[in-house]
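Please keep the sequence and the coordinates at hand while reading.

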Amino acid sequence: MLLGHLNELAAEARKQPALLSRPVRIVVPSRSLRLHLGSAIVRHRKRAMAGVVIQTLHSLAFEVLERAGEPAPLGMPLFDVVAQRLARNERPLRQGLGDLVDGYAAVAGTVRDLLDAGLEPELFEAVDEALAADGPRAAGRAEVERARSLVRVAARTEAVMREIGLGRVSTLLRRAADLIAKDPERVLPSR
């Protein structure tokens with residue numbers, strides 16, 4: 001289906017070469033898929049194809065910010081450090097992870113998942129209340145306390161990152177989405 005659609009777009013561009021100024025963008029989740037798809041297009045068409053950009057979501061977001069004249073968020077690698085340090089302050093997490101070598105590394109991934117799912121510091125109280133009220137029906141006391149601790153760490157991590165002016169990948173993606181919504185032709189010329 002994709003290759004057939006690309007053939008149609010290529011035919012349009014042959015009739016109207018000005019269309020090449022707005023490339024066809026194909027967004028893929030990984031570098032390996034980007035390379036695989038590029039190879040598949042060349043194999044299918046038996047030649048290269050002008051006016052097609054295959055890029056990962058991250059490279060698309062970086063391009064959008066660059067076109068808008070905005071810097072990419074800094075501090076993405078610091079996220080894990082902040083999350084792990086804040087997790088050490090939570091007794092329910094310390095009890096299970098404190099004696100393990102690099103035990104808090106698992107917390108950073110969970111915190112990242114919570115934030116990527118939309119947990120914002122402003123929502124912390126509502127989520128904490130829901131866990132306190134409904135959690136005991138689904139899990140034991142210790143599990144509920146660990147879940148509440150993870151939510152606290154996620155909210156604090158996001159707040160600290162904002163306070164010191166650092167961002168994460170989701171910050172990059174959110175900002176790029178906002179810019180595309182406001183002015184798609186300027187920040188992401190494509191067809």
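Helices are DSSP runs of H or I with at least four residues, strands are runs of E with at least two, and both are numbered from the N terminus. Helix α8 is the place of Ala 159. The model is a predicted one, in which local features need pLDDT of at least 70 and side-chain atom pairs count only at pLDDT 80 or more, whereas totals for chains, interfaces and linings use all residues. Residues are numbered from 1 along each chain as its sequence is written, and side-chain values use heavy atoms, with hydrogens and water left out.

Ala 159, at 32% relative accessibility, counts as partly exposed.

Axes are lines fitted to C-alpha atoms, for helices over the stretch in contact, and angles between N-to-C directions run from 0 to 180 degrees.

The axes of α4 and helix α6 (residues 105–116) come within 8 Å and cross at roughly 110°. The two helices are therefore roughly perpendicular; angles under 35 degrees count as roughly parallel, over 145 as roughly antiparallel, 65 to 115 as roughly perpendicular and the rest as oblique. From α4, the contact involves Phe 79, Asp 80, Ala 83, Gln 84 and Ala 87, and from α6 it involves Ala 105, Val 107, Ala 108, Val 111, Arg 112 and Leu 115. By class, these residues comprise eight nonpolar, one polar and two charged. Here Ala, Val, Leu, Ile, Met, Phe, Trp, Tyr, Cys and Pro count as nonpolar, Asp, Glu, Lys and Arg as charged, and the others, Gly among them, as polar.

Helix α6 also packs with helix α8 (residues 141–163), at an angle of about 75° and with the axes 9 Å apart. This pair is therefore roughly perpendicular as well. Val 107, Thr 110, Val 111, Leu 114 and Leu 115 of α6 meet Leu 150, Val 151, Val 153, Ala 154, Thr 157 and Glu 158 of α8. The contact has eight nonpolar, two polar and one charged residues.

Asp 128, in helix α7 (residues 124–138), is buried at 13% relative accessible area. Residues up to four places away in sequence aside, Asp 128 touches Arg 148 and Arg 152. Glu 90 lies in the loop between α4 and α5 (91–97) and is buried at 5%. Apart from neighbours within four places in sequence, Glu 90 is in contact with Ser 149, Arg 152, Val 153 and Arg 156.

The charged end of Arg 168 sits over the ring of Phe 79, 5.0 Å from the ring centre; the criterion is NZ of Lys or CZ of Arg within 6 Å of the ring centre and within 35 degrees of the ring normal.

Finally, most residues other than glycine have a negative phi. Lys 46, however, has a positive phi near 65°. This lysine lies in the loop between α2 (31–45) and β2 (52–56), and Lys 46 is exposed at 73% relative accessible area.

Technical notes
Contact means heavy atoms within 4.5 Å. Buried means under 20% relative accessible area, exposed over 50%, partly exposed in between (1.4 Å probe, protein chains only).
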